[in-house]
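Me: I would like to go through a structure with you, one topic at a time. Could you take my questions as they come?

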Amino acid sequence: MKTSVFSSFSFGAVLAVLVLTGCGKGPTAPPASSSPQSGGSAPAEKVVTIGMSQCNLGEPWRVQMNQDIATAAQKHPNLKVVYKDAQNDTLKQRAHVEEFVSAKVDLIIISPKEAAPLTEPVAKAMDAGIPVIVLDRRLIGDKYTCFIGADNKKIGKAAGEWIKQTLGGKGKVVELEGLMTSTPGQDRHSGFREGIVGSQIEVVFEADMKWLEPDARQEMESALARFPHIDLVYAHNDPGAHGAYLATKAAGREKEMKFVGIDALPQEGVAYVSQGILSATFQYPTGGVEAIDTALKILAGDKVPKEITLGSRLFTKDNVANGGEPLP
Ligand code: FRU
């Protein structure tokens, strides 16, 4: 199901529902300790707390996600977002979710590092009556309130088809994968393989660079050492594509091949396309704004879709000046 436009929502309605329902917590639940009140006599409006668990802030795309959330949340003065950064450590992220449950936040947004280990703490949060929005990377099963993200399989397939067309149906390709225990890595891989089916494209080298530019650079050094000719590098994100480019440039071979990535942040992938470093990048929206819109609806007791699929755009040198073009 596609949902990308939300009507704006009155915060008063959220409060009304929260007051009426006690926010889904038992009647003895203590008031949130996080609402400091000055000693005045007027009762302060209830602060609604969202716990946001981010798997890392080492990559610009995740900084952008938090920023998108913060900008959307700022429009609602009684919405308090508590951010935790797991620094790419799964155990830390599990602990963060558990801390949010102990603190009895009203709702959790999580962008999990990987699927399997984060499934259980999220299920426990749901058992505790705390709604959970899962952003960008999926969990296993369906014990969460709403998943928001773009269709990675579709993006991977579109990348494969674009590469097939650009290489005239044949060539030697390097695939640098995102963390393969995370669902975007799995889907960008399987989608890509579907996209090149029936061509004479040969994936001569494939490695998991775990979404990280330094890892991509290192893997690309190995690929360059092994293969005297490479036509194209498909990386599951723009930092990966850029890392591969840097390794190739250091070897003096950057004119030999093309580089394709995913994310298309204006200051990152789109800028690389404008500079001629990447031949193409596919947008992967952060979903931050949609997460806050959806959180407000959930807190107001409205029904929300189980899944919100965001669109994507393709940027190449031919369309980048015009803002790219949407994937069909
Ligand atoms: C950031 C990132 C993005 C990628 C997304 C996939 O951590 O690696 O570059 O598109 O995660 O979940």
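Me: Is Gln87 buried or exposed?
Reply: Gln87 is exposed, with a relative accessible area of 51%. Exposed means over 50% relative accessible area, buried means under 20%, and partly exposed is in between, with a 1.4 Å probe and protein chains only. Please note that this is a predicted model, in which local features need pLDDT of at least 70 and side-chain atom pairs count only at pLDDT 80 or more, while totals for chains, interfaces and linings use all residues. Residues are numbered from 1 along each chain as its sequence is written, and side-chain values use heavy atoms, with hydrogens and water left out.

Me: Where does Gln87 lie?
Reply: Gln87 is in the loop between strand E2 (79-85) and helix H3 (90-102). Helices (H or I, at least four residues) and strands (E, at least two) are DSSP runs, numbered from the N terminus. Gln87 is not a glycine, although its phi is positive, at about 50°.

Me: And what is the phi of Lys210?
Reply: Lys210 has a phi near 55°, a positive value in a residue other than glycine. Lys210 is placed in the loop between strand E7 (200-208) and H7. Its relative accessibility is 42%, so Lys210 counts as partly exposed.

Me: Let us step back. How many helices and strands are in the chain?
Reply: The chain has ten helices and 13 strands. It comprises 328 residues, of which 52% count as buried. Among contacts (heavy atoms within 4.5 Å) with a separation of 6 or more, 72% are between residues 24 or more positions apart.

Me: Now the helix packing. At what angle do H2 and H10 pack?
Reply: Helix H2 (residues 60-74) and helix H10 (residues 288-299) pack at about 40°, and their axes are 7 Å apart. That makes H2 oblique to H10. Axes are lines fitted to C-alpha atoms, for helices over the stretch in contact, and angles run from 0 to 180 degrees between N-to-C directions. Angles under 35 degrees count as roughly parallel, over 145 as roughly antiparallel, 65 to 115 as roughly perpendicular and the rest as oblique.

Me: Which residues make that contact between H2 and H10?
Reply: H2 contributes Met65, Asp68, Ile69, Ala72 and Ala73, and H10 contributes Gly288, Val289 and Ile292. The residues of this contact of H2 with H10 comprise six nonpolar, one polar and one charged. Here Ala, Val, Leu, Ile, Met, Phe, Trp, Tyr, Cys and Pro count as nonpolar, Asp, Glu, Lys and Arg as charged, and the others, Gly among them, as polar.

Me: How do the axes of H3 and H4 cross?
Reply: The axes of H3 and H4 cross at roughly 0° and come within 9 Å. That makes H3 roughly parallel to H4. From H3, Thr90, Gln93, Arg94, Val97 and Val101 meet Pro117, Leu118, Glu120, Pro121, Val122 and Ala125 of H4. The residues in the contact of H3 with H4 divide into seven nonpolar, two polar and two charged.

Me: Staying with H4, which of its residues are buried?
Reply: In H4, Ala115, Leu118, Thr119, Pro121, Val122, Ala123 and Ala125 are buried. The cover over the buried residues of H4 includes H3, strand E3 (107-111), E4 and helix H6 (183-195). Thr119 has a relative accessible area of 19%, and Thr119 touches Leu139 and Ile140, not counting residues up to four places away in sequence. Just after H4, Gly129 takes a positive phi of about 85°.

Me: What about H8: how many of its residues are buried?
Reply: Ten of the 13 residues of H8 are buried, so H8 is largely enclosed by the rest of the structure. Those buried residues pack against strand E6 (170-177), helix H7 (213-226), strand E8 (232-235), strand E9 (258-263), helix H9 (266-274) and strand E10 (280-283).

Me: One last residue. Which residues is Tyr144 in contact with?
Reply: Leaving aside its neighbours within four places in sequence, Tyr144 is in contact with Val122, Met126, Val132, Val134, Lys306 and Glu307. Tyr144 and Val132 are twelve residues apart in sequence and 5.4 Å apart in space, C-alpha to C-alpha. Tyr144 is in the loop between strand E4 (132-135) and strand E5 (146-150), and at 9% relative accessibility Tyr144 counts as buried.
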